[in-house]
Amino acid sequence: MTNLTPALQVKNLTKTYSNGFTALKNVNLTVPQGGFFALLGPNGAGKSTMIGIISSLFKPTEGSVKIFGTDLLQNPSVAKQYLGIVPQEFNFNQFEKVEDILINQAGYFGISAKESKPRAKKLLTALGLWDKRNNKARELSGGMKRRLMIARALIHKPRLLILDEPTAGVDIELRRSMWDFMQQINTEENTTIILTTHYLEEAEQLCRYIAILDHGEIRINTEMKDLLSKLSIETFVLDMAKPINEPIRIEGVTAVSQPDAQTLEVTLSEGESLNQVFTQLSAQGIEISSMRNKANRLEELFMRLVEQGIETEDSMAEAGL
Ligand code: ADP
Ligand code: MG
C-alpha cells in the first residue's frame, strides 16, 4: 500500500431508504490511487446504492465519502471534478447526437468545446463510436449506448472512474474489448477504476483489489492475489464412460458427489491429488471419459460465502479458504 491519499474513502456508510429498508450497513472501503478495484456482490447487495451515493444521486443516512481526500458532502463541486460515473441505467438524452453528448458534458465541467473536441474524438474512436458521432443516441445499439456512457464519463479526464455493471448483458467479444479499453485507461491515464460486477471472471481478469458486498455489508476486502492464494479448494466434474448407480467411494478427498449416474464431482483441498482419485476409480473399474473444473475458484468462493454467510477473514481460515 502507498501513503498517497486514497482515491476513494468510504467511512461508516449507512443507507436506509425512505421505506425503512437498510441497503448499506456501516460500510468501510478504501480504494488506493491508481488501483483497479472490483466491488462484487449478488443482485440486491447494495452496489448501486453505494454508487448512487458516490454520484450524489442521494444522500447517505450516515457516514462519509471522500474522493482524493475531498469530502463529497462538504465540498461536492470539487469532489465531482475528480469523478467519472457510468451508472447502470442509460441516462443520456436519447435525442441528442453522440458527439454533442460528450461536448455538453465537458461544458458542465467548464471545458470549452474547442478543448473537448479532440478528447471526444479520441474517446469515440477508441470505443468504436466515431462513425456514429452524428447519430442520435437512440439510434445506437445497446452495446454502443453502454460505450457512449463510458466515453461521456471520461470526457473531463476524471481521476476516478466508477462503472456500475458496465458489461452486464454485453456479448463476450465486446466485453473483452471493453476490458482492454478499461485496462488502457487505468495504465496509460493512471485513472483509478472501480467497477461493480457479478461476473467473477471479470473481477479476476481485471482487478488488483476486490471487495465483496452482501446484504449491505462488506464481507471481504483484500488484494485479489491474496484472495486467490487462500482458495485451496477446487471441484472437478468427471464424466463417466458408463452409468454407475451405486455410491462410489473415494478415500482421501474432501467431498464426493454423484449428481447423476454418469457424473461424479470430486472436491479436493490442498495436498489432495487427482492422481489418487484416478487410481481408486480404475481399481473399481470405473472409466472416466472427460473432466473439467466445476467453476473458477472465485466463483466457488463466492457461492460458499453467500451460502454459508462467512463473514470475516478469520472465519475464512476456519472454512479452509
Ligand atoms: P445491487 O446494485 O447490488 O443489485 P441495489 O443497491 O440496487 O443492489 O439495491 C440494494 C437493495 O436496496 C435491494 O434490496 C433493493 O431492492 C433496495 N433498494 C434499492 N433502491 C431502493 C429504493 N429507492 N427504495 C427502497 N429500497 C431500495
Ligand atoms: Mg445494481
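Strand E11 (residues 234-240) and strand E13 (residues 263-268) run antiparallel and are joined by 6 bridges. This is a predicted model, in which local features need pLDDT of at least 70 and side-chain atom pairs count only at pLDDT 80 or more, while totals for chains, interfaces and linings use all residues. Residues are numbered from 1 along each chain as its sequence is written, chains are lettered from A and ligands numbered from 1 in the order in which they are written, and side-chain values use heavy atoms, with hydrogens and water left out. Helices (H or I, at least four residues) and strands (E, at least two) are DSSP runs, numbered from the N terminus. Two strands pair if DSSP finds at least two bridges between them.

**The sheet with E11 and E13**

- Val-237 has Glu-265 in E13 as its bridge partner.
- An open sheet of 4 strands has the order E12-E13-E11-E14, with antiparallel pairing.
- Strand E12 (255-260) and strand E14 (288-293) are the edge strands, each pairing on one side only.
- From one strand to the next, the twist averages 25°.
- E12 pairs with E13 in the antiparallel sense over 4 bridges, and the two form a hairpin with 2 residues between them.
- Opposite Ala-255 stands Thr-267 in E13.

**The sheet with E1 and E4**

- Another open sheet has 4 strands in the order E2-E1-E4-E5, and its pairing is antiparallel.
- Strand E2 (22-31) and strand E5 (70-71) are at the edges with a single partner strand each, so one side of each has no neighbour in the sheet.
- Strand E1 (residues 8-16) and strand E4 (residues 62-67) run antiparallel, joined by 5 bridges.
- The bridge partner of Val-10 in E4 is Val-65.

**Helix H1 and Thr-49**

- Helix H1 lies across E1, E2 and E4, and runs at about 65° to E2. Axes are lines fitted to C-alpha atoms, for helices over the stretch in contact, and angles run from 0 to 180 degrees between N-to-C directions.
- Thr-49 is part of helix H1 and is buried, with a relative accessible area of 8%. Buried means under 20% relative accessible area, exposed over 50%, and partly exposed in between (1.4 Å probe, protein chains only).
- Setting aside neighbours within four places in sequence, Thr-49 is in contact with Lys-15, Tyr-17, Ala-23, Leu-24 and Phe-58. Contact means heavy atoms within 4.5 Å.

**The magnesium ion**

- Ser-48 (OG) and Gln-88 (OE1) coordinate the magnesium ion (ligand 2) at 2.1 to 2.3 Å. Donors are N, O and S atoms within 2.8 Å of the metal (3.2 Å for Na, K and Ca); water is not among the atoms, so sites may look incomplete.
- The pair links distant parts of the chain, 40 residues apart: Ser-48 is in helix H1 (residues 47-54), and Gln-88 is in the loop between strand E6 (83-86) and helix H3 (98-108).
- Ser-48 counts as partly exposed because its relative accessibility is 31%.
- Gln-88, at 30% relative accessibility, also counts as partly exposed.

- In strand E8 (residues 192-197), 6 of the 6 residues are buried, so the strand is largely enclosed by the rest of the structure.
- Both faces of E8 are covered, with Thr-192, Ile-194 and Thr-196 buried on one side and Ile-193, Leu-195 and Thr-197 buried on the other.
- Strand E3 (residues 36-40) pairs with E8 in the parallel sense over 5 bridges, and Leu-40 has Thr-197 as its bridge partner in E8.
- Strand E7 (residues 160-164) runs parallel to E8 and is joined to it by 5 bridges; here the partner of Leu-161 is Ile-193.

- The axes of helix H5 (residues 142-154) and helix H6 (residues 172-188) come within 12 Å and cross at roughly 5°.
- H5 and H6 are therefore roughly parallel to each other. Angles under 35 degrees count as roughly parallel, over 145 as roughly antiparallel, 65 to 115 as roughly perpendicular and the rest as oblique.
- Gly-143, Arg-146, Arg-147, Ile-150 and Leu-154 of H5 make the contact with Leu-174, Met-178, Phe-181 and Ile-185 of H6.
- Ala-153 lies in H5 and is buried, with a relative accessible area of 3%.
- The C-alpha atoms of Ala-153 and Gly-84 are separated by 4.5 Å, although the two residues are 69 residues apart along the chain.
- Not counting residues up to four places away in sequence, Ala-153 touches Gly-84, Ile-85, Val-86, Pro-158 and Leu-161.
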